[in-house]
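Please look through the model below before reading on. The numbered points that follow take the whole chain to begin with and then turn to its aromatic residues.

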Amino acid sequence: MINPQLQPFLVDWAAAWASLAAAATPAQRCAHFEIVAAQMRQPTPAGVDTEERHVAVPGTDRQVRVRLFRPLGSAPQPALIYMHGGAWMQGS
């Protein structure tokens, strides 16, 4: 069962992807994903500091965008690393 409060997000998500052709290339999917992600990004909660960085990936010529979240004014905290690959072809 899906939480009813999530339903409006799922409707918006489906609508955002409806314009992408089923035969879209991985590059087209990646570009579309960036647009959808920017449109649907929620504001950072109060009391949380966030920072975006581009980090070089050792052994490649690529950089990966990471977003760091930390409570405002806090001492060092343990880390949680969350990776979502977007099927490892369309995410960034």
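1. Among contacts in the chain between residues at least 6 apart in sequence, how many join residues at least 24 apart? The share is 29%. Keep in mind throughout that this is a predicted model.

2. On the secondary structure: the chain contains three helices together with two strands.

3. On overall dimensions: the radius of gyration of the chain is 16 Å, whereas a compact globule of 92 residues would have one near 12 Å. Along the principal axes, the C-alpha atoms fill a box of roughly 45 × 45 × 25 Å.

4. On burial and surface: of the 92 residues in the chain, 13% are buried. The chain has an accessible surface of about 7700 Å². Carbon and sulfur atoms account for 62% of that surface.

5. On charge: the chain carries 7 positive and 6 negative charges. The mean position of the positive charges lies 3 Å from the mean position of the negative ones.

6. On aromatic residues: a pair of aromatic rings is described by two values, the distance of the centres and the angle of the planes. Searching the whole structure gives three aromatic pairs. One of them is Trp13 with Trp17, which counts as tilted because the planes stand at 55°, with the ring centres 5.9 Å apart. Both residues belong to helix α1 (residues 7-18). They are four residues apart there, about one turn of the helix.

7. Trp17 has 15%, and the cut-off for buried is under 20%, so Trp17 counts as buried.

8. Trp17 also takes part in an aromatic pair with Phe33. The centres of these rings are 6.3 Å apart and the planes make an angle of 40°, a tilted arrangement. This pair links distant parts of the chain, since Trp17 sits in helix α1 and Phe33 in helix α2 (residues 26-40), 16 residues apart. Phe33 has a relative accessible area of 17% and is therefore buried.

9. Which residues make up the aromatic cluster? Phe9, Trp13, Trp17 and Phe33 together form one cluster. When checking the model, view Trp17 with both of its partners described above, Trp13 and Phe33.

Definitions and conventions:
Residues are numbered from 1 along each chain as its sequence is written. This is a predicted model: local features need pLDDT of at least 70, side-chain atom pairs count only at pLDDT 80 or more; totals for chains, interfaces and linings use all residues. Side-chain values use heavy atoms; hydrogens and water are left out. The radius of gyration is taken over C-alpha atoms; the globule rule is 2.2 Å times the number of residues to the power 0.38. Buried means under 20% relative accessible area, exposed over 50%, partly exposed in between (1.4 Å probe, protein chains only). Contact means heavy atoms within 4.5 Å. Accessible areas come from the Shrake-Rupley method with a 1.4 Å probe; for residues, only the protein chains shown count as cover. Lys and Arg count as positive and Asp and Glu as negative; His and the chain ends are not counted. The place of a charge is taken as NZ of Lys, CZ of Arg, CG of Asp or CD of Glu. Rings of Phe, Tyr and Trp (its six-membered ring) pair if their centres lie within 6.5 Å; planes under 30 degrees apart count as stacked, over 60 as edge-to-face and the rest as tilted.
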